[in-house]
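The stops below can be selected one after another.

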Amino acid sequence: MRVELLGLPVDILSHDETVGRALAAMRGEAPRCQHVALNVAKLVNARRDPELDRDIRESDLIGIDGAGIALALRLLGHRKVSRVAGIDLFESLMALCAEQGLRPYLLGAKPDVVADTARALTQRHPGLDLAGYQHGYFRPEQEAEICRQIGASGAHCLFIALPTPHKERFMRRHRDALNLPFLMGVGGSFDVVAGRVQRAPRSVQALGAEWFYRLAQEPRRLAGRYLKTNAVFAGLLLGAAARRLVAPQEPGPLGRGRER
């Protein structure tokens with residue numbers, strides 16, 4: 001079910017439903033699927049970046065990656081909402097690729113990180129046949145050749161570990177030429193798989209505080225971004241909740257009138 005949250009579309013799907021959509025595309029049972037994971041920072045940044053807003057809107061599947069997004073949807077009346085973390089979806093799809101003979105391609109991160117990610121995945125999932133991998137430190141003039149190599153690799157899916165908005169822009173710019181069944185931006189997932197960054201314990205994830213655990217690991221890089229975007233998001237959410245209390249039945253971006 002697709003609804004709108006603070007002006008952006010988002011798909012309310014479970015983890016298993018999302019996996020099913022991805023696999024159907026990879027197996028040729030459904031049209032190409034481009035997945036974008038939505039979190040608080042991305043939603044806030046899209047409000048002032050028209051290109052990012054367009055990149056998100058034109059995606060086939062907009063997942064609930066951040067706990068803040070899931071909480072906001074619940075507060076605004078959508079009861080059956082669960083977070084589908086990008087790293088969890090990535091791990092599930094890697095296991096299924098190994099089981100079903102589907103070949104993923106990895107793009108992004110530092111050269112040593114993507115190489116260690118490939119090594120860790122093939123060790124963790126015996127039988128996984130990677131179509132290839134390429135680090136994310138390439139120049140704009142190299143992009144066309146990289147896309148040619150990806151397209152010729154026989155890959156069923158492409159996982160892109162570039163920062164926002166670069167991964168969203170890359171997918172929208174090249175998805176038609178690449179002609180791959182499934183494309184997904186995975187952010188920092190390669191760093192987790194390669195062992196460079198540690199995920200929060202399950203108990204912390206369940207509380208929706210994984211962002212704080214990451215902040216504690218990388219305060220210099222993440223502090224400014226988290227504090228700024230979280231504060232803006234909180235203000236937007238409070239305003240939306242107040243409007244809902246005044247006119248709870250009014251259709252619009254936060255009402256049920258636009259669900260499909």
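Select Asn 179, in the loop that links helix H8 to strand E8 (182–185). In this predicted model, the phi of Asn 179 is near 55°, a positive value in a residue that is not glycine. Asn 179 is exposed, with a relative accessible area of 63%.

Next, select Leu 6, in the loop between strand E1 (2–5) and strand E2 (8–11). Leu 6 also has a positive phi, near 50°. Is Leu 6 buried or exposed? Its relative accessibility is 10%, so Leu 6 counts as buried, the cut-off being under 20%. For background, most residues other than glycine have a negative phi, and most peptide bonds are trans.

Go on to Pro 165, in the loop between strand E7 (157–161) and H8. The peptide bond from Thr 164 to Pro 165 is cis, and its omega is near 10°.

Now show H7 (residues 143–151) together with H8 (residues 166–178). Their axes come within 10 Å and cross at roughly 50°, so the two helices are oblique to each other. The crossing of H7 past H8 is right-handed. On the H7 side, select Glu 143, Cys 147, Ile 150 and Gly 151; they meet Phe 170, Arg 173, His 174 and Leu 178 of H8. By type, the residues of this contact are four nonpolar, two polar and two charged.

The largest nonpolar core has 42 residues, and Leu 5, Ile 69, Leu 73, Leu 158 and Phe 233 touch the most other members. A second, separate core holds 37 residues, among them Met 94, Leu 130, Ala 161 and Val 193.

Definitions and conventions: Residues are numbered from 1 along each chain as its sequence is written. This is a predicted model: local features need pLDDT of at least 70, side-chain atom pairs count only at pLDDT 80 or more; totals for chains, interfaces and linings use all residues. Side-chain values use heavy atoms; hydrogens and water are left out. A nonpolar core is a set of buried Ala, Val, Leu, Ile, Met, Phe, Trp, Tyr and Cys residues joined through side-chain atoms within 4.5 Å. Buried means under 20% relative accessible area, exposed over 50%, partly exposed in between (1.4 Å probe, protein chains only). Axes are lines fitted to C-alpha atoms, for helices over the stretch in contact, and angles run from 0 to 180 degrees between N-to-C directions. Helices (H or I, at least four residues) and strands (E, at least two) are DSSP runs, numbered from the N terminus. Angles under 35 degrees count as roughly parallel, over 145 as roughly antiparallel, 65 to 115 as roughly perpendicular and the rest as oblique. A crossing is left-handed if the near helix is turned anticlockwise from the far one by less than a right angle, and right-handed if clockwise. Contact means heavy atoms within 4.5 Å. Ala, Val, Leu, Ile, Met, Phe, Trp, Tyr, Cys and Pro count as nonpolar, Asp, Glu, Lys and Arg as charged, and the others, Gly among them, as polar.
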